[in-house]
Amino acid sequence: MTSRADRINRQRLEKLEGLYDRGVNPYPHRYRCSHTTEQAIALLKQIEENPTEEKAVEVSVAGRIMSHRPMGKVAFLDLRDGSGKIQIYCHRNILSEDSLKLLKKDLDIGDIVGASGKPVRTRSGEASIEVKELTMLAKSLQPLPEKWHGLSDIDTRYRQRYLDLIANTEARDIFLKRSQIITAIRQFLNQRGFIEAETPVLQPSAGGALAQPFITHQHALSRDLYLRIALELYLKRLIIGGFDRVYELGRIFRNEGLSTKHNPEFTMLETYQAYADYNDVMNMLEEMVCQVSRQVLGTDTVKFGDNTISFKPPWQRIELRQAIIEHAGIDFEEHPDAGSLRAKMAARGMEVDPEKGRGRLIDELLSTFVEPHLVQPTFLLHHPVDMSPLAKLKPDNEHLVERFEAFAGGMEIANAFTELNDPLEQRKRFIEQQKSRQAEGEIEEAVDEDFLLALEYGMPPTGGLGVGIDRLVMLLTGQTSIRQVILFPQLKEKSTRDKGERQES
């Protein structure tokens, strides 16, 4: 027995064939819009506010049919484009003959049409277009999902984002704000003399962060390459080359897990400023986030879950060591090696990976015990050198580095250092990191010799910053899952049954 979905598809195909039989192209090459729906509504208000304005003006708009309400000789359709929605008013005495046939025989919800006519206000007070000509621009062969007005199935929303954008204006608003946030960040940095750069995605060495890379093969040169896990090492080459302020907004790829806070590919902002340190970067970050929030949202205060977060500077500053002592009851400075720290964590009842090094164990303490408490914007300062192979040591403590991580909403949003610029010390740290990762059973990666060579030519004192754009967008739009702010997130593969088997009715 044929399913309802198959019947609907067949009916739409029959309408498509009917259009072709009448010589109507259901997929024309172009349509000239004189106005967006938003502009058409604004024009109507302008006409109403100025009685001397020409009232015979006509407009042409285009968009997707979101509803179709026939009422005898009249039909009302809601048309949505990228700017908004407008009602189109169709009367059989006004429509052209071809347009009347289109209205009566061929239109379905989901079709994309053009409409030209006069802006009017109906008796109910709704801004509308009194249509003379309707033009089919794209016949929709698939019906919108059941209850599409409030499409709520999470899997469908993520896998078929276009349906989410059609059905849910709040989803469209999130991604509009995402674009505005990125634009505002660029404006902030450009106004401060930063130059935007583009660095390689395919790299011979996966450096700049502690993360598992994706590996690919270049056939032309018969070698393996890595998708970048950070932007850092190439941007530092630009600092060495004489660009004193550089930044990049780019995609990063890490071959690790998926969660509400993690996606294998994500967007990162990295900035590097010569003759600055981590204190300068701290001040810049809190100023940037506050200004972006005010510019995009009109406020520096946002609602996130059950909490209200204020991005107004200054943000609180807490020593990492003190935060872990307070929330986990462990002082990592009393445990200078992985074995001692592992034993202390086990005594606290924690399940501890025997292969993790000391830096990874401290990071686990941070993420488990401290991070959930950092709701208001907070800088955690001065990490152990084990966790920070690219940062300068604190002058008064050879075990800690000048580094901060920024948190808000219970998650990390940024990471920054006073950058290590001693080439001999950097080589030593890279080799130690390589040995540590090998001991932890991870991929043994080659030291980036080209970066070390560049460093030997001299890099000025530099403050570096990395900001997770997806998490920042989560905070500013009040979303609790990273998948809600990435247009096309990575998802588990659907089962064969889910991929397209239709159930017979």
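Author: Happy to; we can look at some strands and then a pair of helices. Keep in mind that this is a predicted model.

Reader: Great, strands then. How many bridges join E1 to E2, and which way do they run?

Author: Strand E1 covers residues 59–71 and strand E2 covers residues 74–81. Seven bridges join them, and they run antiparallel.

Reader: Nice. How many bridges does E1 have to E4?

Author: Six, and E1 and E4 (residues 112–121) are again antiparallel. Here serine 60 faces serine 116 in E4.

Reader: Switching to helices: at what angle do H10 and H11 cross?

Author: At roughly 30°, with the axes of H10 (residues 338–347) and H11 (residues 358–370) coming within 9 Å. Because angles under 35 degrees count as roughly parallel, H10 is described as roughly parallel to H11. The crossing is left-handed.

Reader: Which residues make the contact?

Author: From H10, Ala338, Leu341, Arg342 and Met345. H11 contributes Arg358, Leu361, Ile362, Glu364 and Leu365.

Reader: And how does that contact split by class?

Author: The contact of H10 with H11 has six nonpolar and three charged residues, with no polar ones.

Note on methods:
Residues numbered from 1 in each chain as written. Predicted model: local features only at pLDDT ≥ 70, side-chain atom pairs only at ≥ 80, totals over all residues. Heavy atoms only, no water. Axes fitted to C-alpha atoms, helices over the stretch in contact; angles between N-to-C directions. Helix = DSSP H or I, 4+ residues; strand = E, 2+ residues; numbered from the N terminus. Parallel < 35°, antiparallel > 145°, perpendicular 65-115°, else oblique. Left-handed = near helix turned anticlockwise from the far one by under 90°. Contact = heavy atoms within 4.5 Å. Nonpolar A, V, L, I, M, F, W, Y, C, P; charged D, E, K, R; others polar. Pairing = 2+ DSSP bridges.
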